[in-house]
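Some questions about a predicted model follow, each with a worked answer. Have the sequence and the structure at hand.

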Amino acid sequence: MIMIDYIDLVFWPLLAAFVLTGIHVYLGLHVVTRGVIFVDLALAQVAALGTAVGILMGLEHDATLTYLIALGFTFLGAILFSYTKSRNEKVPQEAIIGITYVASVALMILLFSKSAEGAEHINHLLIGSILFVTPKIVLQTFVLYAVIGTFHYVYRKQFLSAAQSINNKNGIVVNTRLWDFLFYVTFGFVVTSSVKIAGVLLVFSFLIIPAVAALLFVKGIRNRLVFGWIFGIVGSLLGMIASLVFDIPTGASIVVTFAAMLSVAGIIKQFTL
């Protein structure tokens, strides 16, 4: 009976985790290839900053206008990151990404510093509330990510060539800035929607940790996608169960579960060399 209750509680959150895993593992492999590991964290924080602005304007966290404000902030970040990439860059793009992240965090803290509910809002934006996601949100997110995934599949050669542009001399010729911009814009849609569901920390974990685990064990894009999807689904389920059993925040529980699984995978990899 207890197990049935747990299943009822995690059904829609788990479906949301499946949807997040599906798009984030793919984008995570792109991010790792581009060498901009923390771009997701920075864009997620920029989206959270936009949400904070909406909340301080008196809007609800889940309001459509709040989402559009967050999306607008994320697009500005996308433009910045796509146009700061250079083959002969004097300042590494990771530095720009890091500065954007810390500035966004600091500004969000300042905005909420005079709010009576500031700490609660910050906590919500960081760790999210995936356990309370609704069927409507899951469906809307799935449709959006399906459209973005289809777009990336149709133009996969261009996106891959742009990602490998610095080291790839044999790829197809593309307008790198254009495809970088399109990558970051579509990435911005994903991040803004994901932060609304899962918070900054969990979004980053969905993007990077399953992708890194896949890179450790398998070769080939298709195999890495499948491995990353399985990793993300299993980690999400275990994290949610741990959250319910120990009565701890779900988002943070999934992040720690992902990290623990990656640590075990790393140890296994060392002993199987």
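Q: How much of the accessible surface of the protein chain belongs to carbon and sulfur atoms?
A: Accessible areas come from the Shrake-Rupley method with a 1.4 Å probe, and for residues only the protein chains shown count as cover. The accessible surface of the protein chain comes to about 13900 Å². The share that belongs to carbon and sulfur atoms is 70%.

Q: What are the ground rules for numbering and for the values?
A: Residues are numbered from 1 along each chain as its sequence is written, and side-chain values use heavy atoms, with hydrogens and water left out. In this predicted model local features need pLDDT of at least 70 and side-chain atom pairs count only at pLDDT 80 or more, while totals for chains, interfaces and linings use all residues.

Q: How many helices and strands are there in the protein chain?
A: Helices (H or I, at least four residues) and strands (E, at least two) are DSSP runs, numbered from the N terminus. From that end the elements run α-α-α-α-α-α-α-α-α-α. The count is ten helices and zero strands.

Q: What radius of gyration does the protein chain have?
A: The radius is taken over C-alpha atoms, and the globule rule is 2.2 Å times the number of residues to the power 0.38. For 273 residues, a compact globule would have a value near 19 Å. The protein chain agrees with this, at 19 Å.

Q: How many aromatic pairs does a search of the whole structure find?
A: Rings of Phe, Tyr and Trp (its six-membered ring) pair if their centres lie within 6.5 Å; planes under 30 degrees apart count as stacked, over 60 as edge-to-face and the rest as tilted. By this rule the search finds eleven.

Q: Which parts does the pair of Y155 and W179 tie together?
A: Y155 and W179 form a tilted pair, 5.3 Å centre to centre with 40 degrees between the planes. Y155 lies in the loop between α6 (135-154) and α7 (156-163), and W179 in helix α8 (residues 176-217). The pair therefore ties together parts 24 residues apart in sequence, that loop and helix α8.
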